[in-house]
Amino acid sequence: MESPLIRTVLAVDTATPAVTAGVVRRGDDGLFVLGRRIVVDARAHAELLTPSVLAALEDARLTMADLDAVVVGCGPGPFTGLRVGMATAAALGQALGVPVFGVCSLDAIGGQTTGEVLVVTDARRREVYWARYRDGIRFDGPAVNSAADVPAGEAAAVAGSPDHAALFQLPVIAPTQPSLEGLVAAVDDWSATPAPLVPLYLRRPDAKTLAERGL
């Protein structure tokens, strides 16, 4: 649903090794990326995200005050990387007094595809996060499994992490990671009050408290 009050959107995602940040303008005739920064470094999400946001705003010749909303990918993704993007988005939304919309990061990939497509990203532990899409609409997943246990069904292609997409006997297509356009397009209703941000971990984090370890 269109909202004339939300035109300029900051989109961020840290659910994959890519640190993605950019400014997208919602126009009557589509989405336009005004500034984009994507750096692939799985170990530096915290260090790279804020500078990437500021650089994208500079490219767009805008300031924080020009933003009408923030969109953030909520995973599925690893615990440490995922919380960087979500915490940053929540803090910016609160400071600027603008709504923060959380979306499934896999939707920011699969939503940009046509036909029946499998989307996979790295879940570590020799597993993948996955979901299936038909003409850009998710109908199965998200879930986490070993590649051998992913139900590819009638998918004609696979998108997402190239290394993990190559594990399937299917043509590999773009996008390879959540896109700015995909993040913004994944918001269902711009006029609605955003739901609270909920991370899609799909499994418990590796780190455990002493109580959880029975100590």
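Colleague: What polar contact joins the side chains of Thr8 and Arg25?

Modeller: A polar contact is a pair of N or O atoms within 3.5 Å; within protein, one must be able to donate a hydrogen and the other to accept it, and residues adjacent in sequence count only if both atoms are side-chain atoms. Here the side chains of Thr8 and Arg25 are joined by one of 2.9 Å. This is a predicted model, in which local features need pLDDT of at least 70 and side-chain atom pairs count only at pLDDT 80 or more, while totals for chains, interfaces and linings use all residues. Residues are numbered from 1 along each chain as its sequence is written, and side-chain values use heavy atoms, with hydrogens and water left out.

Colleague: Where does Thr8 lie, and is Thr8 buried or exposed?

Modeller: Helices (H or I, at least four residues) and strands (E, at least two) are DSSP runs, numbered from the N terminus. Thr8 lies in strand S1, residues 8-13. Buried means under 20% relative accessible area, exposed over 50%, and partly exposed in between (1.4 Å probe, protein chains only). Thr8 has a relative accessible area of 5%, so Thr8 counts as buried.

Colleague: Which residues does Thr8 touch?

Modeller: Contact means heavy atoms within 4.5 Å. Leaving out residues up to four places away in sequence, Thr8 touches Val23, Val24, Arg25, Leu62, Asp66, Leu67, Asp68 and Ala69.

Colleague: How many bridges join S1 to S2?

Modeller: Two strands pair if DSSP finds at least two bridges between them. S1 and S2 run antiparallel and are joined by 6 bridges. Asp13, for instance, has Thr20 in S2 as its bridge partner. The two strands are linked by a hairpin of 4 residues.

Colleague: What does Thr20 touch?

Modeller: Thr20 is in strand S2, and its relative accessible area is 0%, so Thr20 is buried. With residues up to four places away in sequence not counted, Thr20 touches Ala11, Val12, Asp13, Arg37, Ile38, Leu49, Pro178 and Leu180.

Colleague: How many bridges join S2 to strand S3?

Modeller: S2 and S3 (residues 30-40) run antiparallel, with 10 bridges between them. Gly27 stands opposite Gly30 in S3, and the hairpin of S2 and S3 has 2 residues between the strands.

Colleague: What sense of pairing do S6 and S7 have?

Modeller: S6 and S7 pair in the antiparallel sense, over 8 bridges. Arg124 stands opposite Glu127 in S7. Their hairpin has 2 residues between the strands, and Arg125 in the turn has a positive phi of about 50°. S7 also pairs with S8 in the antiparallel sense, over 7 bridges, with Arg132 opposite Asp140 in S8. In the hairpin of S7 and S8, Asp135 takes a positive phi near 50°. Of the 8 residues of S7, 6 are buried, so S7 is largely enclosed by the rest of the structure.

Colleague: Where is Arg126, which has a positive phi, found?

Modeller: Most residues other than glycine have a negative phi, and most peptide bonds are trans. Arg126 has a positive phi of about 60° although it is not a glycine, and its place is in the loop between strand S6 (116-124) and strand S7 (127-134). Arg126 is exposed, at 81% relative accessible area. Arg61 also has a positive phi of about 60° without being a glycine. Arg61 is in the loop between helix H1 (45-60) and S4, and at 78% relative accessibility Arg61 is exposed.

Colleague: Which peptide bonds are cis?

Modeller: Among them is the bond from Gly75 to Pro76, with omega near 15°; Pro76 is in the loop between strand S4 (69-73) and helix H2 (79-96). The bond from Ala174 to Pro175 is cis as well, with omega near 0°, and Pro175 is in the loop between helix H4 (162-165) and H5.
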